[in-house]
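Here is a short briefing to read with the model open beside you. Take a look at the structure first, and then work through the topics below.

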Amino acid sequence: MIRKKPITPEAARLRMADLCARAEHCSFEITEKLKRMNLPYTQIREIISFLEENKFISDQRFATAYARDKVRFSAWGRNKIRMGLYAKRIDNASIRAALDAIEEKDYMDAARRAAAVKAKSLNIADYQDRAKLFRHLAAKGFEAPVISSIISRLKSDG
């Protein structure tokens, strides 16, 4: 096994600043990366503080970008986004703010898009298939009232 040279705190700080300048990351992700570099906890805290003070990382900004991108590109619902943000150790206030920042039009478009893709392989007139669609959309994180309204619309259109 090849042993890597230990990284200096300064080099780690610069590497994390470069990483954060290219894409949004939360403090938990950066902390985990620094732990894998075998840095002591005190140096990790100093690096995280530096990145926060210089606006390289912001958990609030990360949460908002994460929620927006998951709705637009992955067609996720609020429940799944909330769980994803919890997994990233984002605080409740930031999660609430990020979910509130999702535009309702984008959210409903994502739900319709997810339903339309799944509905292609189903017969919406059949109760069992509507139940499959409901479970699929619930797994994507959409709330029951949203799912019900979309299925009703699909049923009346179909």
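Predicted model: local features only at pLDDT ≥ 70, side-chain atom pairs only at ≥ 80, totals over all residues.

Contact here means heavy atoms within 4.5 Å. Residues are numbered from 1 along each chain as its sequence is written, and side-chain values use heavy atoms, with hydrogens and water left out.

**Nonpolar cores**

- A nonpolar core is a set of buried Ala, Val, Leu, Ile, Met, Phe, Trp, Tyr and Cys residues joined through side-chain atoms within 4.5 Å; buried means under 20% relative accessible area, exposed over 50%, and partly exposed in between (1.4 Å probe, protein chains only).
- The largest such core has 31 residues, and Ile-81, Leu-85 and Phe-142 touch the most other members.
- Two or more residues each come from H4, H5, H6, H7, helix H8 (127-139) and helix H9 (144-157); helices (H or I, at least four residues) are DSSP runs numbered from the N terminus, as are strands (E, at least two).
- H7 gives the most to this core, with seven residues.
- A second, separate core holds 15 residues, including Met-16, Ile-30, Leu-34 and Ile-48.

- The buried residues of H4 are Asp-59, Phe-62, Ala-63, Ala-65, Tyr-66, Ala-67 and Val-71.
- They pack against helix H2 (27-36), H5, helix H6 (92-100) and helix H7 (104-119).
- Ala-75 sits in the loop between H4 and helix H5 (78-87), and its phi is positive, about 55°, although it is not a glycine.
- Ala-75 is buried, with a relative accessible area of 7%.

- Lys-55 counts as exposed, at 61% relative accessibility.
- Arg-78 of helix H5 counts as buried at 15% relative accessibility.
- Not counting residues up to four places away in sequence, Arg-78 touches Leu-99, Ile-102, Glu-104, Tyr-107, Gly-141 and Glu-143.

**Helix H7 against helix H8**

- H7 and H8 pack at an angle of about 135°, with their axes 10 Å apart; axes are lines fitted to C-alpha atoms, for helices over the stretch in contact, and angles run from 0 to 180 degrees between N-to-C directions.
- That makes H7 oblique to H8, since angles under 35 degrees count as roughly parallel, over 145 as roughly antiparallel, 65 to 115 as roughly perpendicular and the rest as oblique.
- In this pair, Ala-111, Ala-114, Ala-115, Lys-118 and Ala-119 of H7 meet Leu-133, His-136 and Leu-137 of H8.
- The residues of the contact divide into six nonpolar, one polar and one charged; Ala, Val, Leu, Ile, Met, Phe, Trp, Tyr, Cys and Pro count as nonpolar, Asp, Glu, Lys and Arg as charged, and the others, Gly among them, as polar.

**Helix H1 against helix H3**

- The axes of helix H1 (residues 9-22) and H3 come within 10 Å and cross at roughly 40°, so H1 and H3 are oblique to each other.
- Pro-9, Ala-12, Arg-13, Met-16 and Ala-17 of H1 make the contact with Gln-43, Ile-47, Phe-50 and Leu-51 of H3.
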